[in-house]
Amino acid sequence: MPLALADAATTSPTQLVVAALVGIATIVILITAAKTHGFLALLAGSFVMALIAGTPLLDAFDSFTDGLGSTVGGVGVLIVFGSMIGTLLVRSGGADQIVDSIISRTPKAKLAWAMALIAMIIGLPLFFEVGVVLLIPVVMLMAKRTGLSPILLGVPALAGLSTLHCFVPPHPGPLIAIGTLGANLGITLAFGILIGIPVLIISGPVLGIFASRWVPIPPKLNVAADQEPVPEEERPSFATSIAIVAIPVVLMLLQAIFEIFAIEIPVVTTLVHFFGKPLMALLTAVVYGMLALGARGGRGFRGANALIGDSFAPIAGILLIVGAGGGFKQTLVDSGIATVLGEWLAAQPISPLIAAWLIAVFIRLATGSATVATITAAGLAAPLAEGLSSPELALMVLAVGAGSNFLSHVNDAGFWLIKEYFGMTIGQTFKTWSLITTLISVFGLVFVLLLSLVV
């Protein structure tokens, strides 16, 4: 047990809540008023929060460093591979080929809807962070080519990825809640898709129209991507280009199918599970990209390696800030505030679906992690699930998923990932990304309750 968590066991709930609020306020004030770098602000906020929560001075940074290390070791590696894939796509002309093919086949007024559909298809087997690092470079390049707002195109893509993450198995959150609450996978999948479509429309293409007016930002291309279009005769084909994005999607989807249906084939199952892990799936795409895209145009393997080297510098700041966001989240988790709030809500005399949603909402707000919110809320809501029918259990799973997505803010590593990728301020990130997650959560609950009236 971390020392911070052990000491928090004797800390009053009120002190924990105050610690969380002061820690978050410290971050916001340092960044907005003092113009402090996000990494240092998150570090300071974590330190202040740990001290107020009762953590001994010598242990005040333990949870932060643990969270930073696990975040960089997990999400950070995926960001690095995503940057490699983006650089190989852009410098080879593959991104130009993909973007121009989509633009030529889609009316300009429908591009935002096309991005939402692409995000749903690509994001089905992917972790949210993987989908972001694969899609956002394409969004930015498409915005530059068409003159459309990157927010107009990016909001539907983010909404598509986030909606699937909340409601549709085989994403880890819904699968965990299904197992904890004893829900039926097939019914939950069907209900998740049924609810997810209208939720995506509201939080994606519709919101994007308004958000693009609130947040007028130019496309943010990294150093490797900021170049003139590659001539058509030098580009790889559309199929060759799209394969670098499709490879991790196919590998992860195949792994999910084997896991859901418990397929056991000697050697094959082991290989499927090995290559279906996010790290291996993206690494496989990188190797493919180096051979099929990076070595083109006479560059050879040495030239492809040079492109890989170019991909590191633009994401250094992103890695630090996202890692610090993970450190702040871990400090919140170890403080025990999520458990305090969840247990209190579980004891309230309200609808089981609303109670499950509220538990997930409070844990999400406290910890910043949708996965932690789902796992904890499903466990705390399990007593509420006794005696419910299979459709009702499926709806409770979706209520937990909706609550786990509520209001991404400064304690969520994803908040900083989106902020840095789009080059937005904290205020602009709240007006776009935080609003997306809140709409998905609230309308998700609304449609869950409406569906509960007829099942």
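This is a predicted model: local features need pLDDT of at least 70, side-chain atom pairs count only at pLDDT 80 or more; totals for chains, interfaces and linings use all residues.
Reader: How many helices does the protein have, and how many strands?
Author: The elements here are helices and strands. Strands number 0, and helices number 21.

Reader: Why is the protein as compact as a globular protein of that length?
Author: The C-alpha trace spans about 65 × 50 × 50 Å along its principal axes. For 455 residues, the globule rule gives 23 Å. The protein is as compact as a globular protein of that length because its radius of gyration is close to that value, at 22 Å.

Reader: What percentage of the residues is buried?
Author: Buried means under 20% relative accessible area. The protein has 455 residues, and the buried share is 54%.

Reader: Which elements give two or more residues to the lining of the largest cavity?
Author: The structure holds 4 cavities of 30 Å³ or more. The largest has a volume of about 80 Å³. Its lining includes His165, Pro174, Thr371 and Val397. The elements giving two or more residues are α8 (150–167), α9 (172–181), α18 (370–381) and α19 (390–403).

Reader: How many nonpolar, polar and charged residues are in the lining of the second largest cavity?
Author: This cavity has a volume of about 50 Å³. Among its lining residues are Ile85, Leu89, Val133 and Pro137. Helices α4 (62–92) and α7 (128–146) each give two or more residues to the lining. By class, the lining has 8 nonpolar, 1 polar and no charged residues.

Conventions:
Residues are numbered from 1 along each chain as its sequence is written. Side-chain values use heavy atoms; hydrogens and water are left out. On a 1 Å grid over the protein atoms alone, a cavity is a set of points where a 1.4 Å probe fits but cannot get out, and a pocket is an open set with protein on both sides within 12 Å along at least five of seven lines; lining residues have an atom within 4 Å of a point. Grid points are joined across faces, edges and corners, and a volume is the space filled by probe spheres set on the points. Helices (H or I, at least four residues) and strands (E, at least two) are DSSP runs, numbered from the N terminus. Ala, Val, Leu, Ile, Met, Phe, Trp, Tyr, Cys and Pro count as nonpolar, Asp, Glu, Lys and Arg as charged, and the others, Gly among them, as polar. The radius of gyration is taken over C-alpha atoms; the globule rule is 2.2 Å times the number of residues to the power 0.38. Buried means under 20% relative accessible area, exposed over 50%, partly exposed in between (1.4 Å probe, protein chains only).
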